[in-house]
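Dear colleague,

Please find below the structure that I am handing over to you. My findings follow it, arranged from the whole chain down to single residues.

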Amino acid sequence: MNTGRDPGLQPERTRLAWRRTLLTLTVVTALAVRLAADGGVFGALVVGAAVLVWGGLLVLCWPRATGVGAARTGGRTLPLVALGSVGLALLGVLLTVRGLR
């Protein structure tokens, strides 16, 4: 009876999911930067916030997306990525509402 665990393709699927997450976050950040480019000081603040959030999420997701090294967040990676994603969504809503006026 073999009690060893065979992970199969699970590690690869996990890495691919984190890569898709990073790609999506990068596209959302690029769109936020594009929308805020003509916003003057307000736009510059939004761009700065979006790039800072994206950079933080990149640092969090990179070890899991590449499979190199261990995540150093003590199991808090997923909630932090969710929080950062919500932050980027709120920045997008703020840009949209500001643009409608």
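This is a predicted model: local features need pLDDT of at least 70, side-chain atom pairs count only at pLDDT 80 or more; totals for chains, interfaces and linings use all residues.

Two residues are said to be in contact when heavy atoms of theirs lie within 4.5 Å.

Overall composition

The secondary structure of the chain consists of 3 helices and 0 strands, and reading along the sequence gives the pattern α-α-α. The chain has 101 residues, and buried residues make up 21% of them. Its accessible surface amounts to about 7,200 Å², and carbon and sulfur atoms account for 67% of that area.

The nonpolar core

Which residues have the most contacts inside the largest nonpolar core? They are L57, V81 and L88, in a core of 15 residues. Each of α1, α2 and α3 (77-100) supplies at least two residues of this core. The largest share, 6 residues, comes from α2. For L57, once its neighbours within four places in sequence are set aside, the contacts are L22, L25, L80, V81, G84, S85 and L88.

Helix α1 and its buried residues

Helix α1 covers residues 10-36. It contains 27 residues and spans 39 Å from its first C-alpha to its last, close to the 39 Å expected at 1.5 Å a residue. The buried residues in α1 are W18, L22, L25, T29, A32 and A36. Two of these, L22 and L25, are also among the contacts of L57 listed above.

T29 deserves a separate paragraph. Not counting residues up to four places away in sequence, T29 touches A50, V51, W54 and L88. One of these, L88, is among the core residues with the most contacts inside the core. T29 and G55 are 26 residues apart in sequence and 9.9 Å apart in space. The C-alpha atoms of T29 and L52, 23 residues apart along the chain, are likewise separated by 9.9 Å.

Exposed residues

L52 belongs to helix α2, which comprises residues 40-66. L52 counts as exposed because its relative accessibility is 67%, and the cut-off for exposed is over 50%.

L23, in helix α1, also passes that cut-off: L23 is exposed because its relative accessible area is 55%. Where on the chain does L23 take part in a nonpolar patch, and with which residues? The patch lies on the surface and is formed by L23, V27 and L31, which together have about 280 Å² of accessible area. Helix α1 therefore holds the exposed L23 as well as buried residues, including L22 and L25.

Yours sincerely

Notes: Residues are numbered from 1 along each chain as its sequence is written. Side-chain values use heavy atoms; hydrogens and water are left out. Patches are made of residues with over 30% relative accessible area and no salt bridge: like charges are joined within 9 Å, nonpolar side chains (Val, Leu, Ile, Met, Phe, Trp, Tyr) within 5 Å. Accessible areas come from the Shrake-Rupley method with a 1.4 Å probe; for residues, only the protein chains shown count as cover. A salt bridge is a side-chain nitrogen of Lys or Arg within 4 Å of a carboxyl oxygen of Asp or Glu. Helices (H or I, at least four residues) and strands (E, at least two) are DSSP runs, numbered from the N terminus. Buried means under 20% relative accessible area, exposed over 50%, partly exposed in between (1.4 Å probe, protein chains only). A nonpolar core is a set of buried Ala, Val, Leu, Ile, Met, Phe, Trp, Tyr and Cys residues joined through side-chain atoms within 4.5 Å. The expected span of a helix is 1.5 Å times one less than its number of residues.
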